[in-house]
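Here is a short report on one protein model. Keep the structure in view as you read.

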Amino acid sequence: MTFVLLMFGVGALLAAGTAALGAPLWVQLVAFGIGSGLSLALLRPVLTKHRLNRAGAIAVGVEAIEGSDAMVLRTVTADNGMIKIGGEIWTARAYDATQVFEAGEHVEVVKIDGATALVWRN
């Protein structure tokens with residue numbers, strides 16, 4: 001929504017410029033419409049794309065952990081276990097209840113459920 005208001009601001013500046021030059025009201029309205037429309041059509045897609053790329057480039061929080069490699073410290077079953085993810089120790093459970101991971105194995109973090117990592121065989 002902020003970008004849309006910015007685009008209307010561009011149109012308002014053009015309308016103010018035409019008013020300062022002594023143009024009639026209908027010319028000011030046309031300048032506002034053209035300025036707002038062009039900025040919405042040309043600038044908004046570029047700004048939106050830039051914003052989405054920056055947000056998607058760096059994963060933070062849970063998104064940074066999901067999909068990462070971990071080492072099993074204590075046997076991981078469907079009920080409990082302990083893993084090490086990038087220097088941090090996490091409680092863990094097997095994503096598939098039939099799997100058991102022994103200490104020293106490497107696993108992939110599939111999902112974070114609260115403070116527990118759900119893991120899967122690499």
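## A buried serine

Ser 36 counts as buried, because its relative accessibility is 4%. Buried means under 20% relative accessible area, exposed means over 50%, and partly exposed lies in between (1.4 Å probe, protein chains only). Ser 36 sits in helix H2, which covers residues 25-57. Leave aside residues up to four places away in sequence: Ser 36 then touches Met 7, Phe 8 and Gly 11. A contact here means heavy atoms within 4.5 Å.

## About the model

This is a predicted model; local features need pLDDT of at least 70, side-chain atom pairs count only at pLDDT 80 or more, and totals for chains, interfaces and linings use all residues. Residues are numbered from 1 along each chain as its sequence is written, and side-chain values use heavy atoms, with hydrogens and water left out.

## The overall layout

The protein has 3 helices and 5 strands. Their order along the sequence is α-α-α-β-β-β-β-β. Helices (H or I, at least four residues) and strands (E, at least two) are DSSP runs, numbered from the N terminus.

How much of the protein is buried? Buried residues make up 26% of its 122 residues. The protein exposes about 7,900 Å², and carbon and sulfur atoms supply 65% of that area. Accessible areas come from the Shrake-Rupley method with a 1.4 Å probe; for residues, only the protein chains shown count as cover. Now take the contacts between residues at least 6 apart in sequence: 47% of them join residues at least 24 apart.

## Two salt bridges

Side chains of opposite charge can pair when their charged atoms come close. How many salt bridges does a search of the whole structure find? The search finds 2. A salt bridge is a side-chain nitrogen of Lys or Arg within 4 Å of a carboxyl oxygen of Asp or Glu.

Asp 113 lies in strand S4 (residues 106-113) and Arg 93 in strand S3 (residues 88-94), so the pair ties together parts that are 20 residues apart in sequence. Asp 113 is partly exposed, at 38% relative accessible area. Arg 93 is also partly exposed, at 26%.

Arg 121 forms a salt bridge with Glu 105, and their closest N and O atoms are 2.8 Å apart. Arg 121 belongs to strand S5 (residues 116-121), while Glu 105 is in the loop between S3 and S4, so this pair links parts 16 residues apart in sequence. Arg 121 is partly exposed, with a relative accessible area of 37%. Glu 105 counts as partly exposed at 24%.
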